[in-house]
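Morning, everyone. Please bring up the model on your screens, and we'll walk through its side-chain contacts.

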Amino acid sequence: MKILANDGLDQSGIDALTEKGFEVITTKVPQEFLADFINGHQIRTLLVRSATLVRKELIDACPSLDIIGRGGVGMDNIDVDYARSKNIHVINTPAASSASVAELVFAHLFCGARFLQDSNRKMPLIGDTQFNQLKKSYEKGIELRGKTIGIVGMGRIGQEVARIALGLGMRVIAADNNIGRASIKVKFYNNQFINVDIETEPLEDVLRHADFITLHVPAQKEGSMIGAAEFVKMKNGAVIVNCSRGGVIDEQALINALDCGKIAFAGLDVFTNEPTPSKQILNHPKISLSPHTGASTVEAQDRIGLSLAEQICSILQTY
């Protein structure tokens, strides 16, 4: 039984599947040739990340498919309901990368709080000639401890963000239309832990009261969740981070809010026009940037590979 991991698969997943007798193909097939490749090799399982699109046309063209798997959480690049209507199993790995994404959120927060996104650009250029001037420019950094973080979307990733925030001594508030209360277990050394219940509240209240705002929501079907009207509601000098999906923030509205000082800085891992983000966004001195690498840690990729392998074996070995 053949499996095509078109956007790659960690070696742990390949080894687990190979041991069970599956043939794993990791050739990167261009989108326009994908249907022919799947049919020519009688692929039964197609594994993707965010790069490959699995739309109705591809599903209809590939009758050999039994499983479509997404290494990660969001499945907006897959026509999930249509695939399932054709009796194709659609699987993903919702828990495997939550900790990795949450840690990247704080990488961006710490980066912006101490101007690292700007100082890392300027130090190599003028650090040897204008050291004291740069030191003066970056002397008004801020601490995260004691501040309020607003988490928009309290799913697995949002709850991981809450755990880290609580450990840092932050006040946590959250908005989620589908979750009324989240119980966060914060673990310490020697098996000690505390449980903290967080009641969610309306988005407008979170935007109004948070010092730092982090977004963990699906891709928006129409428009952006955070635009000019939402920025107006935020505190002066608030901070926003998006490690969820491109388009959740109106990027032009973000630039305007940064330029006028309404927003102090932003952290972006995702962009409206991936893989060609706008030059305005990429060159803005108040934005900390990463190229959609939220789930891209060694540990997360290992968990993703093993989770996909376990699910595939469970499904296909019952045939």
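One definition to begin: buried means under 20% relative accessible area, exposed means over 50%, and partly exposed is in between. Keep in mind that this is a predicted model.

So take Lys-56. Its relative accessibility is 38%, so Lys-56 counts as partly exposed. The side chain of Lys-56 forms a salt bridge with Asp-60, at 3.1 Å from N to O. Asp-60 is partly exposed too, at 40%.

Now helix 6, residues 116-126. Asp-118 and Lys-122 are also 4 residues apart, about one helical turn. Their salt bridge is 3.2 Å, N to O. Here Asp-118 is buried, at 11%, while Lys-122 is partly exposed, at 35%.

Next, Arg-245 and Asp-76. Their side chains meet in a salt bridge of 2.9 Å, N to O. Arg-245 sits in the loop between strand 11 and helix 11, and Asp-76 in the loop between strand 4 and helix 4, so this pair ties together parts 169 residues apart in sequence. Arg-245 is buried, at 14%. Asp-76 is partly exposed, at 40%.

How many salt bridges does the count come to? It comes to 13.

On to the surface. Phe-188, Tyr-189 and Ile-194 make a nonpolar patch of about 360 Å². Tyr-189 lies in the loop between strand 8 and strand 9. With a relative accessible area of 67%, Tyr-189 is exposed.

Last, cysteines. A search of the whole structure finds 0 disulfides. Cys-62 is buried, at 1%; Cys-260 is exposed, at 60%.

Definitions and conventions
Residues numbered from 1 in each chain as written. Predicted model: local features only at pLDDT ≥ 70, side-chain atom pairs only at ≥ 80, totals over all residues. Heavy atoms only, no water. Patch = residues over 30% accessible without salt bridge, like charges linked within 9 Å, V, L, I, M, F, W, Y side chains within 5 Å. Areas by Shrake-Rupley, 256 points an atom, 1.4 Å probe, with all protein chains shown as cover. Salt bridge = Lys/Arg side-chain N within 4 Å of Asp/Glu carboxyl O. Helix = DSSP H or I, 4+ residues; strand = E, 2+ residues; numbered from the N terminus. Buried < 20%, exposed > 50% of the residue type's maximum accessible area, 1.4 Å probe, protein only. Disulfide = S-S within 2.5 Å.
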